[in-house]
Amino acid sequence: MALIEFDIGDDSAAGASVIGPEGRPMTENDLPPPDTKRWVMRRKAEVVAGVRSGLISLEEACRRYTLSVEEFLSWQRLIDSHGMRGLRATRLQDYRPGQTVRDRIGAD
């Protein structure tokens, strides 16, 4: 879970910062751009940290990045259960419960 730090002299979200997924302070300006097409682990984790900390609302994140609530929640669940590495698209099948590699490819 992201740690939250607030600038003492400012009550607005623009003055708030959190510790991002790479351990550095992150503000709303550090979130991925709205036209992001390539969703690497770090960008997904930044959006999750931004929503968890209140830098951006869930509704705004879904609108800005054209995400479904289910997709965002899956990112959050993967971080909670497997850390940031769980967000790797190439590893997603390893985190699906109840199915082995053989089950997925139909091998004996």
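Q: In which strand is Ser17 found?
A: Ser17 belongs to strand β2, residues 16-19. Strands (E, at least two residues) and helices (H or I, at least four) are DSSP runs, numbered from the N terminus. The model is predicted: local features need pLDDT of at least 70, side-chain atom pairs count only at pLDDT 80 or more, and totals for chains, interfaces and linings use all residues. Residues are numbered from 1 along each chain as its sequence is written, and side-chain values use heavy atoms, with hydrogens and water left out.

Q: Is Ser17 buried or exposed?
A: Buried means under 20% relative accessible area, exposed over 50%, and partly exposed in between (1.4 Å probe, protein chains only). Ser17 has 10% relative accessibility, so it counts as buried.

Q: How many helices and strands does the chain have?
A: The chain has four helices and three strands. Along the sequence they come in the pattern β-β-β-α-α-α-α. Of the 108 residues, 30% count as buried.

Q: What does Glu46 contact, leaving aside its neighbours within four places in sequence?
A: Contact means heavy atoms within 4.5 Å. With those neighbours left aside, Glu46 is in contact with Pro21, Met26, Asp30, Leu31 and Pro32. Glu46 lies in helix α1. With a relative accessible area of 10%, Glu46 is buried.

Q: At what angle do α1 and α3 pack?
A: Axes are lines fitted to C-alpha atoms, for helices over the stretch in contact, and angles run from 0 to 180 degrees between N-to-C directions. Helix α1 (residues 41-53) packs against helix α3 (residues 69-82) at about 95 degrees, with the axes 10 Å apart. That makes α1 roughly perpendicular to α3. Roughly perpendicular covers 65 to 115 degrees; under 35 is roughly parallel, over 145 roughly antiparallel, and the rest oblique.

Q: Which residues make that contact?
A: From α1 come Lys44, Ala45, Val47, Val48, Val51 and Arg52, and from α3 come Phe72, Trp75, Gln76, Ile79 and Asp80. By class, seven are nonpolar, one is polar and three are charged. Here Ala, Val, Leu, Ile, Met, Phe, Trp, Tyr, Cys and Pro count as nonpolar, Asp, Glu, Lys and Arg as charged, and the others, Gly among them, as polar.

Q: Which members of the largest nonpolar core touch the most other members?
A: In soluble globular proteins, nonpolar side chains tend to be buried together. A nonpolar core is a set of buried Ala, Val, Leu, Ile, Met, Phe, Trp, Tyr and Cys residues joined through side-chain atoms within 4.5 Å. In the largest one, with 19 residues, Met26, Val47, Ala61, Tyr65, Phe72, Trp75 and Leu87 touch the most other members. Helices α1, α2 (58-65) and α3 each supply at least two residues, and α1 gives the most, with five. Leaving aside neighbours within four places in sequence, Leu87 is in contact with Met41, Lys44, Ala45, Trp75, Leu78 and Ile79.

Q: Which residues of α2 are buried?
A: Ala61, Cys62, Arg64 and Tyr65 are buried in α2. Their cover includes α1 and α3.
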